[in-house]
Amino acid sequence: MTSLEDRRKLSDVIGQACHDGARLAQACELAGISARTLQRWRDGQEVREDARPAADRPKPSNALSEQERERIMAVVNEPRFADVPPARIVPMLADEGVYLASESTLSRLLREHGQNSHRGRSKSPSTQRMPTTHVATGPRQVWCWDMTYLPAIVAGRWFYLYLIMDLYSRKIVGWEVHDSDDSEHAKQVLKRAALVEGIAELDHKPVLHGDNGATLKATTVLYTLHWLGVKPSYSRPRVSDDNAFVEALFRTAKYCPQYPSKGFADLQAARQWASEFVHWYNMEHRHSGIQYVTPAQRHSGQDMGILRLREQLYEQAKQLRPQRWASQTRNWDHIATVTLNPERDLPVNLPMCNQDLTIKAA
């Protein structure tokens, strides 16, 4: 909107140009407005102010009633949703067979009540370039692993969390916590994950992607990979985002409310926390990258049925109150392909089940 002062200045300049012989339409075009706009601005000889901000706008017919608004705020303020954003509240309610409003409506109501501030200690995510490595169209095709430090309450002492994640389902398929960084620990967690996931019975063994750390590239680890038939893959030197899925998982772990900000008392406490976190992450955490289903549901194939039920619920809600939808309902389509570090020209929609999943070793 153009302020009253700017309107008067433009009107005076255009009037002076017309007085000097210019045509009104051409003068208005140079000023960036139309002659009809200038006519609407002028009320006789006086330029009038924009009346749109003070206009009387009737309430939309499809607006939420006061009772609906109160019910929505009562639900989102329940203790179980205290630290949950609308993006996760909506699918959680959908799994319970409850539809209150869309995600944008929940965000708007929280904003109106001053409750839409950032929840948690994490910083805003930054966009990073992702080079090509591997594609997964199902579980047990591509694994990612890494080791992270867990601080002790004693300054300078650390515990070490070894973790393997399935790229397709985001499920943690193997983990261990130790008080030292040793390749033997990495070998053991790898063998346990392979046993639990039944790798020996697979015709096509998974790819295991990790960084260039000395522990993950040790000779004993490479021998174990060869013995299991698992294909090793490593991040490129001096590239920090080649293993982004595991790094994101570590970020989720260290910014969750249960993570002790002052460190762990001993090894047993670190293992107890890791066990509880892995159970929560696999069985309860609705992951935003897989349509807000849990990693365990996606790993077992249950996510397709869950997403179909959500879609049916939304269609029923749309049929009940069609005036509240401008177009289609929320997209609950199944995510069939997950790419580790995708490249723009990578054909990720091709079937990969019977192909070698090593697209390009980083």
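## Two crossing helices

Helices α5 and α12 sit roughly perpendicular to each other. On the scale used here, 65 to 115 degrees counts as roughly perpendicular, under 35 as roughly parallel, over 145 as roughly antiparallel, and the rest as oblique. The pair, α5 (residues 86–95) and α12 (residues 303–320), packs at about 95°, with axes 9 Å apart. Those axes are lines fitted to C-alpha atoms, for helices over the stretch in contact, and angles run from 0 to 180 degrees between N-to-C directions.

Bear in mind that this is a predicted model: local features need pLDDT of at least 70 and side-chain atom pairs pLDDT 80 or more, while totals for chains, interfaces and linings use all residues. Residues are numbered from 1 along each chain as its sequence is written, and side-chain values use heavy atoms, leaving out hydrogens and water.

## Who touches whom

On the α5 side, the contact (heavy atoms within 4.5 Å) is made by Val90, Pro91, Ala94 and Asp95, and α12 brings Ile306, Arg310, Leu313 and Tyr314. Sorted by class, that gives six nonpolar, no polar and two charged residues. Here Ala, Val, Leu, Ile, Met, Phe, Trp, Tyr, Cys and Pro count as nonpolar, Asp, Glu, Lys and Arg as charged, and the others, Gly among them, as polar.

## The sheet

Now for the strands. Five of them make an open, mixed sheet in the order β6-β5-β4-β7-β8. β6 (172–178) and β8 are at the edges with a single partner strand each, so one side of each has no neighbour in the sheet. On average, neighbouring strands are turned by 20° against each other, ignoring direction. Strands (E, at least two residues) and helices (H or I, at least four) are DSSP runs, numbered from the N terminus, and two strands pair if DSSP finds at least two bridges between them.

## Strand β7 up close

β7 (residues 207–210) pairs with β4 (residues 142–151) in the parallel sense over three bridges, and four bridges join β7 to β8 (residues 231–234), also parallel. His209 stands opposite Cys144 and, in β8, opposite Ser233; Leu208 has Pro232 as its bridge partner in β8.

Which way do the β7 residues point? Val207 and His209 go one way, Leu208 and Gly210 the other, and all are buried (under 20% relative accessible area with a 1.4 Å probe, protein chains only; exposed is over 50%, partly exposed in between). Together with helix α8 (residues 219–228), β7 and β8 make a right-handed β-α-β unit: with the strands pointing away from the viewer, the path from the first strand over the helix to the second runs clockwise.
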